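This briefing sets out selected computed features of one model, grouped by topic. Please read it alongside the sequence and coordinates shown here.

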Amino acid sequence: MANKDQVKKAADKAKKTGAKDYFKGIKLEMGKVVWPTRKELGTFTGVVIATCAIFALGFWLIDTGVLAALRAVLGITLN
């Protein structure tokens, strides 16, 4: 477990790093990213669009069902 002096030293060091070091770190981390190929990206995009369409259809069906139930229970028309 870190003691108070170690925590303070780490905090001081973090304050001393500038914008240049920050962006250098970002560039370093971005180099570690494994980017998808064009084919993988197309597949992933298709899966996301299909999933969104399925959920939209599901929510529409649930909404329609709840509206029909309200109309049946209340005996009124809701617009």
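Phenylalanine 55 and phenylalanine 59 are both exposed in this predicted model. The two residues lie four positions apart in helix 3 (residues 38-74), and about one helical turn therefore separates them. Further points follow by topic.

**Aromatic pairs**

- The count of aromatic pairs comes to two.
- One of them joins tyrosine 22 to phenylalanine 23 in an edge-to-face arrangement, with 5.2 Å from centre to centre and 75° between the planes.
- An angle over 60 degrees is what places a pair in the edge-to-face class.
- Tyrosine 22 is exposed, as is phenylalanine 23.
- The rings of phenylalanine 55 and phenylalanine 59 also pair: their centres are 6.2 Å apart and their planes meet at 45°, so this pair is tilted.

**Helix 3 and the annotated span**

- Helix 3 has 37 residues, which at 1.5 Å a residue should span 54 Å; the end C-alpha atoms are 54 Å apart, in agreement with that expectation.
- An unreviewed UniProt entry lists residues 41-62 under "transmembrane region".
- In the model, residues 41-62 are 100% helix and 0% strand, and the end C-alpha atoms of this span lie 32 Å apart.

- Side chains of opposite charge can pair when their charged atoms come close.
- The structure contains one salt bridge.
- Its partners are lysine 32 and glutamate 29, whose closest N and O atoms are 3.2 Å apart.
- Both residues belong to helix 2 (residues 19-32), where lysine 32 and glutamate 29 are three residues apart, or about one turn of the helix.
- Lysine 32 has a relative accessibility of 55% and therefore counts as exposed.
- Glutamate 29 has a relative accessible area of 44%, so this residue is partly exposed.

**Confidence**

- The mean pLDDT of the chain is 86, and 82% of the residues score at least 70.
- Among the elements of the chain, helix 3 has the highest mean pLDDT, at 96.
- The lowest mean pLDDT among these elements, 69, belongs to helix 1 (residues 4-16).

Definitions and conventions:
Residues are numbered from 1 along each chain as its sequence is written. This is a predicted model: local features need pLDDT of at least 70, side-chain atom pairs count only at pLDDT 80 or more; totals for chains, interfaces and linings use all residues. Side-chain values use heavy atoms; hydrogens and water are left out. Rings of Phe, Tyr and Trp (its six-membered ring) pair if their centres lie within 6.5 Å; planes under 30 degrees apart count as stacked, over 60 as edge-to-face and the rest as tilted. Buried means under 20% relative accessible area, exposed over 50%, partly exposed in between (1.4 Å probe, protein chains only). UniProt positions are given in the numbering used here, feature names are shortened, and annotations may be inferred rather than shown by experiment. The expected span of a helix is 1.5 Å times one less than its number of residues. pLDDT is the predictor's confidence in each residue, from 0 to 100. A salt bridge is a side-chain nitrogen of Lys or Arg within 4 Å of a carboxyl oxygen of Asp or Glu.
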